[in-house]
Amino acid sequence: MNAFQQFIDLSMQSMGIIPLLALILLIVLAVAIERIAFFGRTVPSGARIDRELSAIDHRQEQALREIAGRYRATVFGGTLQAVVDARHLDTPDAMDRYVDEAIVRTMPQLDKHLWLVNAAVTLGPLIGLLGTIIGITESFNVLGAAGPSAGAVTGGIGHALIATGCGLIVAIVGVAANSYFDKRARLTILQLDLLKLMCINRLHLTDYSVGKVRSVHGSHSVVQSAFARPVGAELAGA
């Protein structure tokens, strides 16, 4: 009996539970591959933008526009454009609120399709448990029939445990994927916050305390270092 025929038999004996779990596992793997590719592009882009913003004078609008144009297609594009648009606002609070709106609009891109992984983590073990109950029930039916063979009873229990195992595989893969993507999404949010804080501080604190901040622009910004350090630690631990 080949593997395909065994799969068909298992599918029939589990009343469709095994194919359903296989479909859920395929969905989890498809989402995981798509999100790996997405964050594989996004997190390095954030690091490059951080370096490029650190190297320019934020009072030069053209330099900001060039960076915003270069990364327009990334998840940071909307936030960079908001920084360019809001740079002429009167106060840091006004600019902060304007850029925050752009960051919030970016959030759906970070957790896109991840609800499917979250649902699979919960549904996988439950559906597997349902398959186990169905298999054990069939085994008891065989046991209760006249002249049952030991092989028929143990075979039914074995099929029931396969459903549980498949459900646990779905949950394990889903939990691992979910934890990884939560970490990637958090890093991207930190990069967006760093981008916002860096631009606001350099644009507005320069105007408010010229003596202090302009001297910092010449070497390394104390403000920039204070905000960059936690994110750098996060990236180093990524």
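Glu34 and Arg35 form a salt bridge in which the closest N and O atoms are 2.7 Å apart, where a salt bridge is a side-chain nitrogen of Lys or Arg within 4 Å of a carboxyl oxygen of Asp or Glu. This is a predicted model, in which local features need pLDDT of at least 70 and side-chain atom pairs count only at pLDDT 80 or more, while totals for chains, interfaces and linings use all residues. Residues are numbered from 1 along each chain as its sequence is written, and side-chain values use heavy atoms, with hydrogens and water left out.

**Salt bridges**

The structure holds five salt bridges, and the table lists some of them.

| Pair | Closest N and O atoms |
|---|---|
| Glu34 and Arg35 | 2.7 Å |
| Lys196 and Asp96 | 3.1 Å |

Helices are DSSP runs of H or I with at least four residues, strands are runs of E with at least two, and both are numbered from the N terminus.

Lys196 forms a salt bridge with Asp96, and since Lys196 lies in helix α7 (residues 150–208) and Asp96 in helix α5 (residues 92–110), the pair ties together parts that are 100 residues apart in sequence. Lys196 counts as buried at 7% relative accessibility, while Asp96 counts as partly exposed at 24%. Salt bridges with shared partners join Asp96, Asp100 and Lys196 into one network.

**Nonpolar cores**

A nonpolar core is a set of buried Ala, Val, Leu, Ile, Met, Phe, Trp, Tyr and Cys residues joined through side-chain atoms within 4.5 Å. The largest one here has 36 residues, and those with the most contacts inside it include Ile49, Phe76 and Leu195. Two or more of its residues come from each of α2, α3, α4 (77–86), α5, α6 (114–144) and α7, and α7 gives the largest share, 10 residues. Apart from this core lies another, of 10 residues, among them Ile24, Val28, Ile134 and Ala163.

Key. Buried means under 20% relative accessible area, exposed over 50%, partly exposed in between (1.4 Å probe, protein chains only).
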